[in-house]
Amino acid sequence: MTDQPRDPSACRSMEDVRAGIDQVDAQLVALLKRRVGYIDRAAEIKRPLKLPARIDWRVEEVVAKVRARAEAEGLDPDLAETIWRHLIDWSIAREERALG
C-alpha cells in the first residue's frame, strides 16, 4: 500500500481511474481496520469503568469534527456525516457486544 494513487486529473483512461479507486479503497480498508482496533480498545477501557458504549456528546463531537474536516477538504459535509453516522452506529453496536 505504499503506492499513492495518481491524482484523478492525471488519469487518462478508465483503467487509470479504476486503478486509482482500487488503491484508495485498499487504503480505506486498512484505515477502517485500524479504527476498529481503537473501538475494541475503547470497549476494553470502558468495561471496568462501567461506561456505556454510546456517549452522545462524543458522537456529536466526532460528527462535528468530520463535517468541519470534510468542508475544509472540499468534500460534501452531508456525505461525510452520513458515512460517519453509519460507522459510529456500527462501532457502538460492536462495543455493546463486547461490553455484554
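This is a predicted model: local features need pLDDT of at least 70, side-chain atom pairs count only at pLDDT 80 or more; totals for chains, interfaces and linings use all residues.

Student: In what order do the elements of the protein chain run from the N terminus on?
Tutor: Residues are numbered from 1 along each chain as its sequence is written, and side-chain values use heavy atoms, with hydrogens and water left out. Helices (H or I, at least four residues) and strands (E, at least two) are DSSP runs numbered from the N terminus. The protein chain has three helices and zero strands, and from the N terminus on the order is α-α-α.

Student: What percentage of the residues count as buried?
Tutor: Buried means under 20% relative accessible area, exposed over 50%, and partly exposed in between (1.4 Å probe, protein chains only). Of the 100 residues in the protein chain, the buried share is 20%.

Student: How many salt bridges does a search of the whole structure find?
Tutor: A salt bridge here is a side-chain nitrogen of Lys or Arg within 4 Å of a carboxyl oxygen of Asp or Glu. One of them joins the side chains of R54 and D89, at 3.1 Å from N to O. R54 lies in the loop between α1 and α2 (56-73) and D89 in helix α3, so this pair ties together parts 35 residues apart in sequence. The search of the whole structure gives a count of 12.

Student: Which residue meets D40 in a salt bridge?
Tutor: The side chains of D40 and R94 meet in a salt bridge at 2.6 Å, N to O. D40 sits in helix α1 (residues 14-49) and R94 in helix α3 (residues 77-99), so the pair ties together parts that are 54 residues apart in sequence. D40 is partly exposed at 29% relative accessibility, and R94 is partly exposed too, at 27%. The partner of D40 is R94.

Student: Which residue forms a salt bridge with E81 at 2.7 Å?
Tutor: The closest N and O atoms of E81 and R67 are 2.7 Å apart. The pair links distant parts of the chain, with E81 in helix α3 and R67 in helix α2, 14 residues apart. Both belong to a network of salt bridges that links E60, R67, D78, E81 and R85. The partner of E81 at that distance is R67.

Student: Is K50 buried or exposed?
Tutor: K50 is in the loop between α1 and α2, and has a positive phi of about 60° although it is not a glycine. Most residues other than glycine have a negative phi. With a relative accessible area of 74%, K50 is exposed.
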